[in-house]
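Here is a quick tour for anyone meeting this structure for the first time. Have the picture open and follow along.

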2 protein chains.
Amino acid sequence: MNDLSTDPICALATASGMGAIAVIRVSGKGSKALVSKAFSKDLTALPSHTVHLGWMLGANGDRLDEVLATLFDHGKSFTGEESVELACHGSTFIQQLLLQRLAELGCRLAEPGEFTKRAFLNGRLDLSQAEAVADLIAAQSKQAHQVALQQLRGRFSSELQQLREQLIQFAALIELELDFGEEDVEFADRTALKLLVAEVLKMVRRLAASFELGNAIKNGVPVAIVGAPNTGKSTLLNQLLGEDRAIVSDIAGTTRDVIEEVLNIEGIQFRLIDTAGIRETTETIEALGIERSQQKIEQAKIVLCLTDASDSANFTETTAWVTSLKTLHPDKYILLVQNKADLKAASINEASTAFDLQMSALTGNGVAELKAKLVALVLGDYNVQDETIVSNARHQAALLQTAAALERAQEGLYGHTTADFIAMDIREAMRQLGHITGQIDVDTDILGAIFSKFCIGK
Amino acid sequence: MNDLSTDPICALATASGMGAIAVIRVSGKGSKALVSKAFSKDLTALPSHTVHLGWMLGANGDRLDEVLATLFDHGKSFTGEESVELACHGSTFIQQLLLQRLAELGCRLAEPGEFTKRAFLNGRLDLSQAEAVADLIAAQSKQAHQVALQQLRGRFSSELQQLREQLIQFAALIELELDFGEEDVEFADRTALKLLVAEVLKMVRRLAASFELGNAIKNGVPVAIVGAPNTGKSTLLNQLLGEDRAIVSDIAGTTRDVIEEVLNIEGIQFRLIDTAGIRETTETIEALGIERSQQKIEQAKIVLCLTDASDSANFTETTAWVTSLKTLHPDKYILLVQNKADLKAASINEASTAFDLQMSALTGNGVAELKAKLVALVLGDYNVQDETIVSNARHQAALLQTAAALERAQEGLYGHTTADFIAMDIREAMRQLGHITGQIDVDTDILGAIFSKFCIGK
């Protein structure tokens, strides 16, 4: 926290490009006075949270644009600093013109994330909340939005605080022993300590494990649809995309790679890998298209292996393949999906328990169940509404470090290690938890890395 | 003005896409109450021009986003209506989410230009000022910005008002005659009337003629560089672009067609046509490349014909060509530019007066003069700072109609037409001027056409 610069900074806060209006944000000591030098009235004595119509003026007093200036006093703004927001006409020309004018007056163009960084350094947000701001802006699905919003609201921070408090309690007990160390007395009730550590460890592990879900929610879940020709991959794809084409594709200005189709089910984005391949009509003759499927499976988290229920040869082959796939990729969800269930061959009826799902892509029967299954696989036993989901790799890393330290402490308790070693591990666990919120000093380089991922103007 | 709907409308007012923040504008009767239904506090009794931090809430009371709500009372907003502006986190997802929430509450998505249309219908802006809003947002150069800004500030409107007042004075005098028509008396001093009409006509003609400049400023000036191979077209292009590459190309998010290079000189955009052709190294052998030049010349307003001063054969040929071009295209500026002036052949020294410009694209000598010449050609004898420049084709059309009516009135005065015919022409002139500002009822279809060109959210 050695970067406490308060010089006025400015940046375009709204999306780049032309709009009806654009907002330029100015923050730092003396912002009101600085803007007033180029404004048609003096803003310095006007109260916080008020809006003033006026003209931005050039060096010669020429009128540059009519703007609305919104004032925020020190301690009452997003950054915690004195701030002015200028809503101007939304041409890129005017945006540049006003930023140039502010630069003339000594206002520096903000670095990426610098406003949020200042909000953190001024104690307006803790570090995990600041990171949630970036996630919130980037959120493209309901669940991603939900996870970021809850993190911004501080639920994660307060849970971490509770865990830290439990550890502080532990540390207090164990360090009491240290003071009397030479007397070789065990003041603390080791049974209670064991329970406490086990409880905290369980919660930390669950938080760390939620990262798999959090990451899936944040970045979408890659799904591959594989299977032999004529098993109905293309029909299934169309059924899935029919109603649930991702909301992002409907929003102007959102750029998307065209190599994937995005499916939004219950607010979770599923990215269907290499659908172009599926759509091709000239498929290879090779029975399962294994060669080509291999790469898609590598990229996927969930693999839908389609088999044709009307074809018992295909059934036998696919079942064997899926069994080997499951062994090969224990970290992926491999689903054996029986398609054309309405035309099922009599010979394979009894073996249908081997299927994860039965459906008919053509009639749509079973598609709802497939979607529900996809969502269930991603969510696991987590409840996104009521439970904290970790979606940031930095947080997961710190949680894993915390868990490792707690495991050492636990071993120590059972192995009758001396209290000073146990205390060291507990302190390490607390330090790791503190890193997440920035309560414990975070390295300037790490701060730099966190905020440089933000967009300019935030 | 039969479209006086005041139902609440909403739209994204900032550029589409992701930004740190986005602003959603709500305007119409009961906007504060409407937003309050989905806001964490009641905004209805709070004063105009104040800003309030709070949460936008879903139908179930779930928190959608933390926003800043800015309030504007009836008569004090851009539209003249009660308005609320919501500054939310800038993800496209949140933008959609909040717009959907407002729609649930009965707020209609605004049509393009509907906010500005309401500002016009509520008398906050006249029609030419409303049109200036769209121009201001689209402005990409200093001069285009200047022209739009002055129109928005109402200079054009007040000039039109003065002209109308002069015509009202005229009409009053001439209509006095009508009342005493049967007595065949000429009350009005016909000499004074002739002077008055001549004066107004001169001003209207100058305004109408300024459209050529206004249009050039608004849309850029197409410039063609033509000439035989090796006359230095490519070198000149690089000299011109070297320092003055258009500011728009540096702004993220601005999309540009790549078929033209844009040059910004003294705030005017010059669009260099088909520069790709110039950059090609394999030029046709044909001496002047006339075939290929023809198309470029058709598209251009200014044509720079380069000749090689070190080559007297090229000089003779080019001079003849330019002479024919000037005859063929009296509406274009055709400049004979003598390049490689530092290597000038002795034989053509005496004929150098035939050139519009002398320069050396290689050394850069004369390039500043060329730029000054380009600017001078565009500006003509107009002064953009101190004079009204018409940049809207609708305004020009109305001015030309005004001029035609005034010319008929003038003819009538000299031809001793009866006063009732003259009065009719004067009334027509006033009506046409009134159309520009919308003082005279403008057809709903025309209003629709004007505002449909706006972006959504303005």
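## An exposed alanine

With a relative accessibility of 54%, A:Ala368 counts as exposed, because the cut-off for that label is over 50%. Keep in mind that this is a predicted model.

You'll find A:Ala368 in helix H12 of chain A, which covers residues 367-379. Now look for A:Arg394: 26 residues separate A:Ala368 from A:Arg394 in sequence, and their C-alpha atoms sit 36 Å apart in space.

## A helix with a bend

Staying in chain A, take a look at helix H7, which runs over residues 190-219 and has 30 residues. From its first C-alpha to its last, H7(A) reaches 43 Å, close to the 44 Å expected at 1.5 Å a residue.

Where does H7(A) bend? The spot is A:Glu212, and the bend there is about 30 degrees. Just after H7(A) comes A:Gly220, with a positive phi of about 85 degrees.

## The sheet in chain B

Over in chain B, six strands make up an open sheet with mixed pairing, in the order S8-S9-S7-S10-S11-S12. At its edges are S8 (261-265) and S12 (357-358) of chain B, each pairing on one side only.

Inside that order, S10 (residues 302-308) and S11 (residues 333-339) of chain B run parallel and are joined by seven bridges. In one of these pairings, B:Ile302 has B:Tyr333 in S11(B) as its bridge partner.

## Helices across the strands

Helix H11 (residues 312-328) of chain B lies across S7 (221-227), S10 and S11 of chain B, at about 165 degrees to S10(B).

Helix H12 (residues 367-379) of chain B lies across S7, S8, S9 (268-272), S10, S11 and S12 of chain B, and runs at about 110 degrees to S9(B).

Definitions and conventions:
Residues are numbered from 1 along each chain as its sequence is written. Chains are lettered from A and ligands numbered from 1 in the order in which they are written. This is a predicted model: local features need pLDDT of at least 70, side-chain atom pairs count only at pLDDT 80 or more; totals for chains, interfaces and linings use all residues. Side-chain values use heavy atoms; hydrogens and water are left out. Two strands pair if DSSP finds at least two bridges between them. Helices (H or I, at least four residues) and strands (E, at least two) are DSSP runs, numbered from the N terminus. Contact means heavy atoms within 4.5 Å. Axes are lines fitted to C-alpha atoms, for helices over the stretch in contact, and angles run from 0 to 180 degrees between N-to-C directions. Buried means under 20% relative accessible area, exposed over 50%, partly exposed in between (1.4 Å probe, protein chains only). The expected span of a helix is 1.5 Å times one less than its number of residues. The bend at a residue is the angle between axes fitted to the seven residues ending there and the seven starting there.
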